[in-house]
Amino acid sequence: MTDVLERQDDSERLLLDATTSRSRKVRNCVASIWMVGSLVVAMVPLAFVIGYVVVKGIGLINVTWFTEDIQARSREAGGGMAPAIVGTLLITGAATLMAVPLGILGAIYLNEYGGKGRTAGLIRFMSDVMTGVPSIVMGLFVYTVFTLTFGLNGLGGALALACLMLPIVIRSTEEMLKLVPDELRDGSYALGNRKWRTVTTVVLPAAFGGIVSGVMLAIARAAGETAPLVFTIGAARALNPNLLDGANAALSLQIFNNSQSPFPASQDRAWAAALTLVAIVFLFTIAARVVSARVARRHSA
Amino acid sequence: MASPSTEVPDASPPNADPTYGSGAELIAAGRVNRGDQAFRGVALVAGLTVLVILAMIAVSTTREAWPAFQDQGLSFITTNDWVPAEGRFGALAFIYGTILVSVLALIFAVPISVGIALYANEAAPQRFKSSVVYVMDLLAAIPSVVYGLWGILVFAPNVKGVYEAVGGFFEGWPVLGTIFGPTSSGRSFMTAGLILAVMITPIVTSLSREVIATVPSAQREAAYGMGATRWEMIRAAVLPWSRGGIVGAVMLGLGRAMGETIAVALVIGSNPQITADLFAPGDAMAAVIVNQFGEASGLFRSALIGLGVVLFGITIIVNVSARGIVSRFDRRIAGS
């Protein structure tokens, strides 16, 4: 651990220096450069991507961007992105409503009932596997079971995103339930509470902060997804607040389509949509961090 | 625990922690409660949805893809002949592209990810640690399509010159001349691999960090106590311990890279060909599905869904083996 290093006295360091051969020092130095360099290398694309998105996207962000429908002629500037912003929020929101209760219940089964049993082990393993299923496969899946029958609409997109979120919510919630000390459960039982009451009134509230943080990370992940929406929501240019009827729009899909256009006006729209989407996603990511940091502080206190 | 009621067989299912649960057992032993049973049932059903969804994915996509599988037979995955207009669907070039691009991504991402993980756990000053996590969080949070947008409009046009310079330098060399061959637009296997590397770095880093964090500090201190430098300590105490877990992390990264769709679809160049030239445009399974689905119908659409089935199968295999490695590793930690 680093604290070992930090505890080292100067005298110890001098001794180490004196007894360490030159080639060992050089190798140690090269390794340190590799480790620090890796971090620097990883930060370069982050800085570039965020920088480009902000600089190129900020120009179109004004009131009309948030209020007007999407420009139909890709050569021309103008129009807004309201249908896509609303679509992304509604579709992601509906996916959250489907995935979060199911995910939390699943996690309750894993941690409070299933324990080390075989069923729980299988569900746990398969949730891990499901987090690795490509989002495009989720899209194709919903296309085959839902879109072929009910047509292109927002609900199909929400279903696909919910499939993506479900395993993430299950696994992160289970980790949080594990952290709830058993003394709390025992205390609740001692008061005569049954297990389901203990879980709903003691365990869940105790883990609430951590669960919220995990859910927000899942929302951030889902909001940025494109592939599951390509097959399921269609392409609307006007605001459609009804997820059950008619094609919808999403920011990610707008970025995807506009980025392939040769026209600068469309490319500008792609950058501005990217800025909007990144802002939404970062908001959720940072909020999740803040919540989990607060939870961690409370635990350590 | 003197009460005779604890002798009654436990009506409640086993608890997560075998040493705990006496309270629940005491209550459950008295009467079987309907509310408890119902709640357990609902929770179980919620957990089982995962299995149901996975099974449904396999069944429903395979059923839609069946006409194509039946029509093409094994040539679907063994020939490189993708002419939708004439009903020929040989997807080998896409499979080749997916594997090539993912392997390229791993070649770039693994040394960097392990380096960052080691830095964060072994070398970073305490106050930098959280900022490393922060950077990784933000990298992971940027949506695939935004990387793709940056890749197609900024990275590919600018990296083209670099490819040409490298290709020119190696021109005429035996092997390297083929690998670093001519480029057309900057959109290529290499560009897709580089963008993917950025995208999988956060997941490989965070999993490797978790694994490295389990190395007992006694091992580290023993190495330091024998006069090891930090690098010698890492080689002697950290890496041998965490090798298995890091392999698992890398395989999960591989699974993620293979399924990544949008960014690859934008920067790979959409040209189904099998070539060793990394600077040439290619195509990948996920990318071709998303790029061609809009114009597809009938057997064509069925073949694209079939590609999804193949992709699903490959990623499941990669993920199951990766999880197997990681969980074996977890058990070792638990047993130690």
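How many residues of domain 1 of chain A are in contact with domain 2 of chain A? I counted 5 residues of domain 1 in contact with 5 residues of domain 2. Contact here is C-beta atoms, placed from the backbone, within 7 Å.

I am working on a predicted model: local features need pLDDT of at least 70, side-chain atom pairs count only at pLDDT 80 or more, and totals for chains, interfaces and linings use all residues. Residues are numbered from 1 along each chain as its sequence is written, with chains lettered from A and ligands numbered from 1 in the order written.

**Domains.** I looked up the bounds, which come from an automatic or database domain assignment. Chain A has domain 1 (2-58) and domain 2 (63-300). Their centres, over C-alpha atoms, are 36 Å apart. Chain B is assigned domain 1 (4-65) and domain 2 (69-335). There the contact takes 5 residues from domain 1 and 7 residues from domain 2.

**Chain A against chain B.** I then checked the contact between the chains. Chain B gives 90 residues and chain A gives 85 residues. Helix H2 (residues 34-72) of chain B supplies the largest share of its side, 20 residues. Helices (H or I, at least four residues) and strands (E, at least two) are DSSP runs, numbered from the N terminus. 

**Core.** Next I looked at the largest nonpolar core, which has 197 residues. Such a core is a set of buried Ala, Val, Leu, Ile, Met, Phe, Trp, Tyr and Cys residues joined through C-beta atoms within 7 Å. Buried means 20 or more other C-beta atoms within 10 Å of the residue's own, the C-beta atoms being placed from the backbone. Met165(A), Ala274(A), Val146(B), Leu196(B) and Val264(B) touch the most other members. Helix H4 (residues 92-123) of chain B gives the most to this core, 18 residues. I followed Leu196(B), leaving out residues up to four places away in sequence. Its contacts include Val101(B), Ala105(B), Glu260(B) and Val264(B).

**Helix H12(B).** Why is this helix largely enclosed by the rest of the structure? Because 6 of the 8 residues of H12 (residues 285-292) are buried. I listed them: Met285(B), Ala286(B), Ala287(B), Val288(B), Ile289(B) and Val290(B).

Last, I took strands E1 (residues 80-83) and E2 (residues 88-91). They run antiparallel, joined by 4 bridges; pairing needs at least two DSSP bridges. Asp81(B) has Gly90(B) as its bridge partner. The hairpin leaves 4 residues between the strands, and Gly87(B) in the turn has a positive phi of about 70 degrees. Side chains alternate along E2(B).

Notes. Contact = placed C-beta atoms within 7 Å. Buried ≥ 20, exposed ≤ 12 C-beta atoms within 10 Å, placed from the backbone.
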